[in-house]
There are 2 protein chains.
Amino acid sequence: MALIVQKYGGTSVGSIEKIKNVAKRVIRFFNEGNQMVVVLSAMAGQTDRLIQLAHQVCDDPDRRELDVLMTTGEQVSVALFSMAVKSMGYDACSLLGFQVKIFTDDFYGKARIHNIDTTRIREELSQNRIVAVAGFQGIDPHGNLTTLGRGGSDTTAVALAAALKADICEIYTDVDGVYTTDPNICPKARRLPQISYDEMLEMASLGAKVLEIRAVEFAKKYNVPLHVRSSFKEEEGTMVVAETKDMERVVVSGVTYNKNEARITVRKVPDRPGTAAKIFDPLFDAGIVVDMIVQNASTQDITDLTFTVSKPDFKKAMELVRNVAEEIGASEVIGDDNISKVSIVGVGMRNHAGIAHRMFDVLASENINILMISTSEIKISCVIEEKYTELAVRVLHDAFGLDEEPKEE
Amino acid sequence: MALIVQKYGGTSVGSIEKIKNVAKRVIRFFNEGNQMVVVLSAMAGQTDRLIQLAHQVCDDPDRRELDVLMTTGEQVSVALFSMAVKSMGYDACSLLGFQVKIFTDDFYGKARIHNIDTTRIREELSQNRIVAVAGFQGIDPHGNLTTLGRGGSDTTAVALAAALKADICEIYTDVDGVYTTDPNICPKARRLPQISYDEMLEMASLGAKVLEIRAVEFAKKYNVPLHVRSSFKEEEGTMVVAETKDMERVVVSGVTYNKNEARITVRKVPDRPGTAAKIFDPLFDAGIVVDMIVQNASTQDITDLTFTVSKPDFKKAMELVRNVAEEIGASEVIGDDNISKVSIVGVGMRNHAGIAHRMFDVLASENINILMISTSEIKISCVIEEKYTELAVRVLHDAFGLDEEPKEE
């Protein structure tokens with residue numbers, strides 16, 4: 001008998017019919033002798049509906065009250081799901097964040113889980129009940145409702161799996177696993193049977209929308225095996241697990257891209273201590289996240305500084321940087337939002353030399369100009385002109401042989 | 001400085017615009033130096049939407065889970081209201097049933113309040129906050145969500161007012177008070193400036209849809225002064241208060257009617273002990289509530305037995321009674337669902353003789369036949385043919401001078 005935590009996203013519970021299907025699937029697992037804890041998101045569309053209501057009240061709704069509003073979405077899902085299970089002749093019980101006792105800090109809208117009391121869940125499981133937990137929500141030390149931010153239900157599921165020492169945490173979504181790249185761009189994209197936490201983290205932060213980063217971080221920290229799979233298909237998806245020796249044989253596991261960045265170059269910046277701070281401080285103060293930063297080696301104490309921000313922040317960032325540029329004596333500020341970032345990810349890179357060189361060669365062979373480069377231990381990212389994104393993804397996917405199953409050595 | 005509990009019904013918070021208006025009204029009271037606790041219902045239409053969702057899952061949704069679902073309606077209201085208040089520059093805080101700590105029994109769907117912990121509310125009030133409490137909901141001893149049944153938000157408001165020893169409990173609704181009779185039937189109907197708890201209870205159970213009976217019972221028990229008024233007008237409504245000497249001067253306070261009953265007559269019932277039980281037991285077992293019961297004086301040990309049930313129960317009741325009639329040797333069972341019950345209510349009846357007689361005279365003068373009569377200390381009800389309902393209400397209203405302000409003696 002295994003203890004399984006399953007999470008179903010908004011699309012998977014997007015209608016009463018779909019909720020009934022999820023109930024049937026969960027009952028099947030239950031009938032195989034497993035203890036089932038099911039984490040549900042709000043029905044697709046509901047979260048948007050609630051946000052819209054709040055914004056009809058005022059432009060900047062109070063964060064505490066926004067969380068009180070938003071948590072109703074998941075509450076509706078778990079109630080309907082539990083009704084469905086019961087109407088099929090099995091026992092079920094819905095639990096909200098405050099009933100499980102999922103304790104968080106009080107950062108409304110993006111609270112972090114501090115700890116989870118598993119007493120009530122274990123009690124319900126011991127009564128042979130299927131337990132449905134509302135995702136995305138918790139309570140702060142004063143009993144106020146909180147939400148965990150984007151992808152919060154993934155985090156709820158992983159945190160519950162960790163707290164319950166579950167055998168596995170299955171994330172059901174509308175895609176059937178993690179692919180070597182976006183199948184919409186590259187028809188040869190192949191579903192990965194498994195991937196390491198670190199690779200998944202890089203893939204998630206680079207634009208693959210399968211799992212939320214915080215959930216993966218949590219899974220890595222507590223070593224929770226994740227299974228990403230489709231709620232509309234029966235076949236297995238992708239296991240996200242701790243890195244094994246075996247994984248290092250594969251040099252590149254995936255190619256990702258992100259079209260949501262824009263590039264800002266500050267030309268002829270006097271290379272003095274404190275100049276970078278002067279440029280970036282106003283951005284940080286405005287809550288603008290800077291991703292890549294590149295500074296050329298300075299010539300005659302003058303240098304060019306280039307960095308990227310997300311596209312929605314681009315206009316505001318240009319404005320802030322232009323203000324500073326004059327002050328520090330830079331010659332000009334150039335902005336470009338027709339860029340994208342293409343990356344290759346793989347734990348195998350740690351032990352294989354020349355991967356970056358090969359990536360640059362592949363792009364060059366298609367006359368794709370590289371505008372910026374940044375690297376980590378297990379990924380290499382190149383900023384290129386946006387129009388070459390799809391081409392770059394396809395040629396990299398081919399060049400690193402991602403369409404083929406890795407050969408046994 | 002007064003402590004005021006206000007309750008706003010579903011129509012009063014039926015749109016974002018209306019919620020903002022309620023916020024403005026509450027702020028005005030707050031600015032006059034009052035501590036404000038506001039109980040809100042679900043936005044009009046939401047409760048029906050949720051019930052519909054549940055019935056799409058199955059015909060008879062689990063009661064515990066139905067309560068989990070239903071409570072989201074009021075949760076949305078208090079969140080949006082608190083956002084509105086805050087956006088207007090005042091501090092507010094929403095509290096759900098489990099946060100206030102409104103403890104109930106575990107009769108899901110129609111739970112009764114056991115006790116209310118006022119600590120959290122007092123804490124928020126002392127911070128100069130307007131407190132918005134979700135109506136209709138509580139938690140049972142195991143922390144499960146419960147709802148209080150129809151009109152539950154009225155009960156929440158009155159119970160909170162009692163627990164907080166509030167100076168007054170104002171019930172805002174879409175009518176502007178309690179009238180001498182239904183203004184839709186009788187244009188001369190006059191709004192009562194005040195009415196006693198007992199009269200209100202008779203009016204409520206006889207068909208006036210202003211306040212839920214349980215809320216009035218609660219108010220009477222804890223002597224909470226109620227003020228029923230409109231959320232769309234400024235003028236005062238009706239005070240529902242403990243009976244005063246002064247009230248007895250008025251003989252009849254109101255005329256009510258109820259078209260939702262049907263009459264069943266069992267002819268020639270052998271007048272033996274246990275016969276009545278044989279007729280009514282199957283009805284009780286089927287959960288059918290019998291309202292009026294009349295038994296004629298028996299002639300030659302044979303009697304006629306007449307009683308009323310609500311219209312939706314009529315068919316089922318006829319079926320059950322017909323089964324028994326044969327068994328007990330009654331001659332026939334006659335049903336009639338073209339009836340209505342017209343009543344006059346007033347605490348002054350206790351000290352005035354001949355009121356019943358006058359009522360019968362008034363109806364007779366219009367050739368309205370009285371089919372059944374029942375009386376209590378402060379009301380007289382007559383069952384008549386349904387088609388005469390409006391006429392009867394108008395002539396009674398006139399005859400007892402209800403269109404005129406009571407004269408000072």
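Predicted model: local features only at pLDDT ≥ 70, side-chain atom pairs only at ≥ 80, totals over all residues.
The contact between the chains draws 26 residues from chain A and 26 residues from chain B. On the side of chain A that touches chain B, two or more residues are given by each of the elements α2 (46–57), α3 (63–87) and α4 (97–100) of chain A. Helix α3(A) supplies the largest share of this side, namely 14 residues. Classified by residue type, the side of chain A that touches chain B comprises 15 nonpolar, eight polar and three charged residues.

Helix α3(A) also packs against a helix of its own chain. Helix α1 (residues 16–31) of chain A and α3(A) meet at an angle of about 60 degrees, and their axes are 9 Å apart. An angle of 65 to 115 degrees would count as roughly perpendicular and one under 35 degrees as roughly parallel; α1(A) and α3(A) are therefore oblique to each other. Their crossing is right-handed. From α1(A), the residues I16(A), I19(A), K20(A), V22(A), A23(A), V26(A) and I27(A) take part, and they meet L80(A), F81(A), A84(A) and V85(A) of α3(A). The contact of α1(A) with α3(A) contains ten nonpolar residues, no polar residues and one charged residue.

The corresponding helices of chain B were examined in turn. Helix α1 (residues 16–31) of chain B packs on helix α3 (residues 63–87) of chain B at an angle of about 60 degrees, with 9 Å between the axes. The helices α1(B) and α3(B) are therefore oblique to each other, and the crossing of α1(B) and α3(B) is right-handed. Ten nonpolar residues, no polar residues and one charged residue make up the contact of α1(B) with α3(B).

Elsewhere in chain A, four strands form an open sheet in the order β13-β18-β20-β19, with antiparallel pairing. The edges of the sheet are β13 (254–258) and β19 (370–376) of chain A, each of which pairs on one side only. Neighbouring strands are turned against each other by 20 degrees on average, direction ignored. Strand β19(A) runs antiparallel to strand β20 (residues 379–385) of chain A, and six bridges join the two. Within this pairing, K379(A) in β20(A) is the bridge partner of S376(A).

Two helices of chain A pack on this sheet. Helix α11 (residues 355–365) of chain A touches β18 (339–345), β19 and β20 of chain A, and the direction of α11 makes about 20 degrees with that of β20(A). Helix α12 (residues 389–399) of chain A touches β13, β18 and β20 of chain A, and the direction of α12 makes about 15 degrees with that of β18(A).

How values were computed:
Residues numbered from 1 in each chain as written. Chains lettered and ligands numbered in written order. Axes fitted to C-alpha atoms, helices over the stretch in contact; angles between N-to-C directions. Parallel < 35°, antiparallel > 145°, perpendicular 65-115°, else oblique. Left-handed = near helix turned anticlockwise from the far one by under 90°. Nonpolar A, V, L, I, M, F, W, Y, C, P; charged D, E, K, R; others polar. Contact = placed C-beta atoms within 7 Å. Pairing = 2+ DSSP bridges.
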